[in-house]
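Subject: Structure handover

Hello,

Here is the structure we talked about, with my notes on it below. Please keep the model open while you read.

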Amino acid sequence: MLPPGFRFGTSSAAFAVEGGADADGRGPSIWDTFAQQPGKVADGTTCAVAADSYHRWAEDVDLLKRLGVTGHRLSISWSRVQPTGSGAWNQAGLDYYDRLLDALNEAGIQPMVTLYHYDLPQALEDDGGWLNRATIERFAEYAAAMGERYADRVEHWVPVSEPANAAYLGYGLGQQAPGREMLFDSLVVAHHLLVAHGRAAIALRGAGATSVGCANNHASIWPASDDPADVGASKLFDAIWNGVFLESMLLGRYPVDLAPMMEEFIEPGDLVTIRQPLDFYGLNYYSPQRVGATREDALLPFEWRPLLGYPVTDAGWSVVPDSLREWLIIFRARFRAALPPIIITENGASYSIPPGPDGVVDDQVRIDYLDVYLRAVAEAVQRGVDVRGYYYWSLLDSFESADGLRSKYGLVHVDPETQDRTPKRSFQWYAETIAAQTRSTG
């Protein structure tokens with residue numbers, strides 16, 4: 001049982017669902033550029049059409065109403081509202097988000113708006129992207145403008161989604177846009193994204209925002225064995241993946257083992273800026289990661305090992321709901337008074353199940369996933385963890401970064417040719433669960 005007022009929602013990102021890449025003055029983003037390079041996206045697709053929500057947004061709001069959620073997380077495409085990331089604003093893009101936010105509010109669905117979800121305007125990347133501190137200034141200006149225009153219609157704000165993914169997968173390993181392979185040198189990108197988060201939080205509050213948080217991707221990091229080398233490698237990766245973002249946002253410092261590596265690019269006042277008060281801590285959680293040591297001549301001192309003994313989603317993520325419950329409990333025990341209320345800002349599973357002959361998408365496996373993960377959240381709440389909401393990723397089958405359209409996380413099937421929407425059995429299950437929770441708690 002989840003507490004009264006618990007917020008059920010769905011989560012999305014502009015580049016994953018909107019499409020309309022060249023529509024109405026939108027400028028290119030790093031994901032437009034990256035996806036057009038051969039071999040970068042598994043199925044060769046791009047985000048040019050995605051789920052076509054730019055044109056079908058009203059249909060998607062109707063689906064949210066049918067689902068019964070009272071919250072929906074979306075992101076603003078920076079290059080749709082400001083094509084080059086600086087200078088003139090694009091009125092058509094601004095008007096699009098006016099219409100979308102108005103429709104959500106009219107439907108009784110509170111918007112949670114992310115300002116940056118991987119899709120940096122390409123013009124800023126051409127000037128160095130997140131390696132260039134000037135991008136922080138441009139982001140602060142963008143945040144102020146979005147707050148001034150939309151703060152009266154947005155319940156929660158997230159300045160930067162998953163800075164770990166953006167920094168390490170985008171700039172460190174080259175697996176996501178913009179595709180740079182800088183390894184440990186990508187720590188400077190993580191730092192700049194964190195400073196940008198802090199500057200944006202200040203700008204949003206100055207524009208009237210009443211709730212500003214984060215949406216950080218975290219994972220339980222398990223050593224591959226009891227061997228001291230594997231344990232040490234897992235602790236180092238835990239500091240990089242989790243600690244850099246947890247400790248800087250909540251405590252105003254970096255993990256002690258990494259601090260010497262980051263001193264060279266920290267400027268006076270940066271850590272104070274990063275440690276802005278958070279009205280909620282947004283947790284994106286999918287699966288634990290099993291990490292072991294590598295050979296001395298390897299490029300990285302750690303590597304990812306298979307997590308055996310658990311079922312996996314079609315995207316290869318292990319299904320371990322107990323790890324989410326334990327992570328939440330340990331998180332609370334570790335940070336205590338420094339920890340604001342928690343919202344699960346992303347959790348979901350990819351299962352590629354097409355419609356059957358009767359047109360029904362029988363995704364029982366996704367229902368089972370939702371059931372066990374919601375139970376894990378409820379158990380953590382019963383243990384005293386203050387979790388206020390759960391936003392499933394995602395409402396629609398959409399463009400999933402380097403997996404393209406191959407991974408299917410949606411509660412709604414989207415035909416890639418016609419863009420027709422078909423709610424899956426999991427859609428109905430989630431709707432019934434939300435309705436039952438509402439009845440039981442009033």
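Three strands make up an open sheet in the order β6-β8-β9, and its pairing is mixed. Two strands are called paired if DSSP finds at least two bridges between them. Helices (H or I, at least four residues) and strands (E, at least two) are DSSP runs, numbered from the N terminus. The edges of this sheet are β6 (221-223) and β9, each with a single partner strand, so one side of each has no neighbour in the sheet. Direction ignored, neighbouring strands here are turned by 45° against each other on average.

On provenance: this is a predicted model, in which local features need pLDDT of at least 70 and side-chain atom pairs count only at pLDDT 80 or more, while totals for chains, interfaces and linings use all residues. Residues are numbered from 1 along each chain as its sequence is written, and side-chain values use heavy atoms, with hydrogens and water left out.

W222 has R290 in β8 as its bridge partner. Helix α10 lies across β6, β8 and β9 and runs at about 125° to β8. Axes are lines fitted to C-alpha atoms, for helices over the stretch in contact, and angles run from 0 to 180 degrees between N-to-C directions.

W222 and R290 also turn up around L307, which touches both of them as well as P288, S318 and V320, not counting residues up to four places away in sequence. Contact means heavy atoms within 4.5 Å. L307 sits in the loop between β9 (302-305) and α13 (321-335). Is L307 buried or exposed? Its relative accessibility is 13%, so L307 counts as buried. The cut-offs are under 20% relative accessible area for buried and over 50% for exposed, with partly exposed in between (1.4 Å probe, protein chains only).

There is also an open sheet of eight strands, in the order β4-β3-β2-β1-β11-β10-β7-β5, with parallel pairing. Its edge strands, β4 (156-160) and β5 (216-218), each pair on one side only. Neighbouring strands of this sheet are turned by 25° against each other on average, direction ignored. Helix α5 (residues 91-106) packs on the sheet, touching β2 (71-75) and β3 (110-116), and its direction makes about 170° with that of β2. Helix α10 (residues 228-251) packs on this sheet too, touching β5 and β7, at about 135° to the direction of β5.

In that sheet, β10 (residues 342-346) runs parallel to β7 (residues 281-285), joined by four bridges. L283 stands opposite I344, and N284 has E346 as its bridge partner. β10 also pairs with β11 (residues 387-393) in the parallel sense, over three bridges; there I344 stands opposite Y390. Five of the five residues of β10 are buried.

Last, a helix pair. The axes of α14 (residues 364-382) and α15 (residues 425-441) come within 8 Å and cross at roughly 30°. The two are therefore roughly parallel to each other (angles under 35 degrees count as roughly parallel, over 145 as roughly antiparallel, 65 to 115 as roughly perpendicular and the rest as oblique). Residues in the contact include I367, L370 and L374 of α14 and W429 and Y430 of α15.

Regards
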